[in-house]
Amino acid sequence: MLDFFTIFSKGGLVLWCFQGVRGPAAAATAPVNALIRSVLLQERGGNNSFTHEALTLKYKLDNQFELVFVVGFQKILTLTYVDKLIDDVHKEFRDKYRNEFQQKGTLGLLNGTFDFKDDFMRLLRDAEESSKVRAPTVMKTFEQSLKSQKTVKCMIETRGEKPKEKVKNKKNKGSKKEGTEAVAAPGKASAGDKQPSAAGEREELTKDEILQKNREEFFKRHMKAGEKSSKSPKPEAQKEKGKKPRVWDLGNSNAKVLDYSNSATNGSAEACPVEEFDPDTALGDRNREPGRLYDLEYESDDEAEGEKVIQNPSKPSAKKGGLGGMFGMLKGLVGSKSLTREDMDPVLEKMKDHLIAKNVAAEIAVQLCESVAKKLEGKVMGTFTTVTSTVKQALQEALVQILQPQRRVDVLRDVMDAQRHRRPYVVTFCGVNGVGKSTNLAKISFWLIENGFSVLIAACDTFRAGAVEQLRTHTRRLNALHPPESHGGRTMVQLYEKGYGKDAAGIAMEAISYARNQGFDVVLVDTAGRMQDNAPLMTALAKLIAVNAPDLVLFVGEALVGNEAVDQLVKFNKALADHSMAQTPRLIDGIVLTKFDTIDDKVGAAISMTYITSKPIVFVGTGQTYCDLRSLNAKAVVAALMKA
Amino acid sequence: GMAGGLEPHLEALRRELRAPGPALLSVLLALLAVAITFLIWRFVQGRRSSRKAVLLLGLCDAGKTLLFARLLTGKYRDTQTSITDSSAVYRVSNDKSGNVTLIDLPGHESLRLQFLERFKAAARAIVFVVDSVAFQREVKDVAEFLYQVLVDSTVLKNAPALLIACNKQDVTMAKSAKLIQQQLEKELNTLRVTRSAAPTSLDGSATGGPAQLGKKGKDFDFSQLPMRVEFVECSARGSKGEEGDADFEGLEKWLAKVA
């Protein structure tokens, strides 16, 4: 069923490989290389599966011994046992060859023979069998529990809306509590309010206590009014349905079941704190008039409940871990401690908030922190390094890695190449409205002229008023700065325009052929700004790029943009991909980051843009004069980003 | 009474400070000796341990990890794209005193500069592995990486010996070392101009570094560099494939020279 399973070190040596159903031996290397390049190296390590052509690849990192475990299987299959298999193989392999890794280091990896086939076949067989056996039973219990949950919940809501006077005190508190949850409990941050709601939710969660309460209530109803007997068969039937999973789940021990119900009625340790705070909430509810801010309060209460439920279990553990935590810290400083998720989570949270404060798009900050967590999990820290410093170091490396260009960024070299082939080098600028396309186009043409290349500016912005005049003014200024006399009689920059209202793609095509005839080295095509949601305009842009096949498609984005950057780039790329006729569509090749002087150190937009497209930032605009053109320095940007 | 008691003590103290007695002088001398010893020790330590590493650099898929494995064990291993460095001590075969630390660095674009940064100070020699088969296609990328290595300030200061290993010679389409040298010289010549003309970096430092590669006015030549540059042909896979040995005597001889 599996296509292949490889285990290799992060340094690149394949330690063990299993070829499954298909294949030539080399079939594993190409997909795994693609996995490494697109996932691990681009810091998209958040979710652990990746599709490449017809295969799905799942992987696991061992950061302690620097190993990677990859399994590949056909995309159309859904194998449920793969995750468990990887975990089992990981544990077994690590334990079996622990000596080689720890003592002999790299030479151990090189010289060691990793004869893992028998163990692997055994684990594979176990995993396949367990998945086969488990399948029918899983479905049954799940169905039962869902159904029972639904019935119980319905019952609770009906009970909450009806006011109950004559029932037991506990019942009253129970209903009032649920009433407060369902209706507007004032969400003031008082522990008292939240405790019972949390406890109330806990009560909600334990079906057994609720069922016990239902039983009592319906006994009372039987005693009170005969007409309610019609309802009893239904709830009884529902109760019976509810009973079944209990019996199934807990097996045969009836004694245990009875104990559970006893604890509910007697007010056990779990319910104690609830009872202490009950009077306060009960009084509070009677005084206030709930229902005015129903919707909002309900949501916030849910969230508050959620937070409290999470915090409550963590509180006792924090108390227990107080002393142990101190020793753990000392141990961590001196000895060798391996990083766990719990250690890293608070630090990562802080780093994520820090990144978001520095204007990195929120979803990208989350993905980045996830990827760094995956890379560090299980890693052994050196002496005198704290968790914070390790995480910061890893995050810094990840950020520098993202900002490093994945391909060569040398426009002048490519222009020289095009010059040699006697054709103009075409650059297209696209972006949303008002980011600085025309200004930066002028700056880039100035830079090109300084390096001795002649430039033709194609005014394909036929929509905005004054666009053509703006470019004409720039042309005049540039020609004044670099007159033809100083460049051997040729005009270094010229404007090709056809006025307003015409088709941009046609003007671009004419401009390129004009440049070829006249021997211009570079053609800079200025397009109109357009919002990424505007479908007809995006189609027009895609058509311009598909028809004219420019050498470089630059997306101009301003550094002030925040989460919008992600949306803009994704939609621009999608539009270009959708409307291209070719097999491999022309996407955005590079990014121009403008208005960099307006942000002090909130440089997160650079990270968002390069992360989304994995294309480099070619130019950075830092002002409105011709000299304000820079290239990106990854280390400086990351330093500004990590600065507190 | 009391004042009279203190005065002689104060006088003694003042006398002691003004004219340092033999006790104080000997303490000062001892401290000075310790400081000098410490400095000498650090200096010697620095000299001795500073540069014992031979770095394997190159583009992705040039064959660095396989070359690394072959040099250390002589056996063929399957490899994947490296995402971290590997290092091991390599003993030169016939010379007992010569051993260097071979460090195999990842060639992927997003990692290569980071790892170079980390290990460049410890480099006694650099082996730049080139894929001779894909060279024609990749010449610009090869040249750019080589340029970045050559203009690095630490590399220029230490001037480690440079060997350009033209790998994958077992394939018939592989280019010869001579051709690769000529092409690289031409490409680096162009890069000198374009890289120094690139827009300055954000924090003010120029991208190409203030250093000028080679001599101004003349075409670039590898002999113009401050370090020793050699070209050698090799094949990590070997002509007999996975069972046989690798063909890299030139590389081994050069390593023996460097160690």
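The side chains of A:K571 and A:D567 meet in a salt bridge, 3.1 Å from N to O; the term stands for a side-chain nitrogen of Lys or Arg within 4 Å of a carboxyl oxygen of Asp or Glu. Both residues lie in helix α20 (residues 564-578) of chain A, four residues apart, about one turn of the helix. An α-helix has 3.6 residues a turn, so residues three or four places apart point the same way. A:K571 is partly exposed at 30% relative accessibility, and A:D567 is partly exposed at 27%. Here buried means under 20% relative accessible area, exposed over 50%, and partly exposed in between, with a 1.4 Å probe and protein chains only.

A word on the model itself. It is predicted, so local features need pLDDT of at least 70 and side-chain atom pairs count only at pLDDT 80 or more, while totals for chains, interfaces and linings use all residues. Residues are numbered from 1 along each chain as its sequence is written, chains are lettered from A and ligands numbered from 1 in the order in which they are written, and side-chain values use heavy atoms, leaving out hydrogens and water.

Let us now cross to the meeting of the two chains. In all, 50 residues of chain A are in contact with 45 residues of chain B, contact being heavy atoms within 4.5 Å. Together the chains bury about 4000 Å², 56% of it on carbon and sulfur atoms; this is the accessible area (1.4 Å probe) that two parts lose on being put together, summed over both.

Five salt bridges cross this interface. In one of them, B:D61 pairs with A:R37 at 3.6 Å, N to O. Another salt bridge links B:R118 and A:E397, whose closest N and O atoms are 3.7 Å apart. B:R118 lies in helix α4 (residues 109-119) of chain B and A:E397 in helix α14 of chain A, so this pair joins two chains. Both ends are partly exposed, B:R118 at 46% and A:E397 at 27%.

Compare that with B:E187 and A:R413, where the closest N and O atoms of the salt bridge are 2.5 Å apart. B:E187 sits in helix α7 (residues 177-197) of chain B and A:R413 in helix α15 of chain A, so here too the pair joins two chains. The helices named here are DSSP runs of H or I, at least four residues long, numbered from the N terminus.
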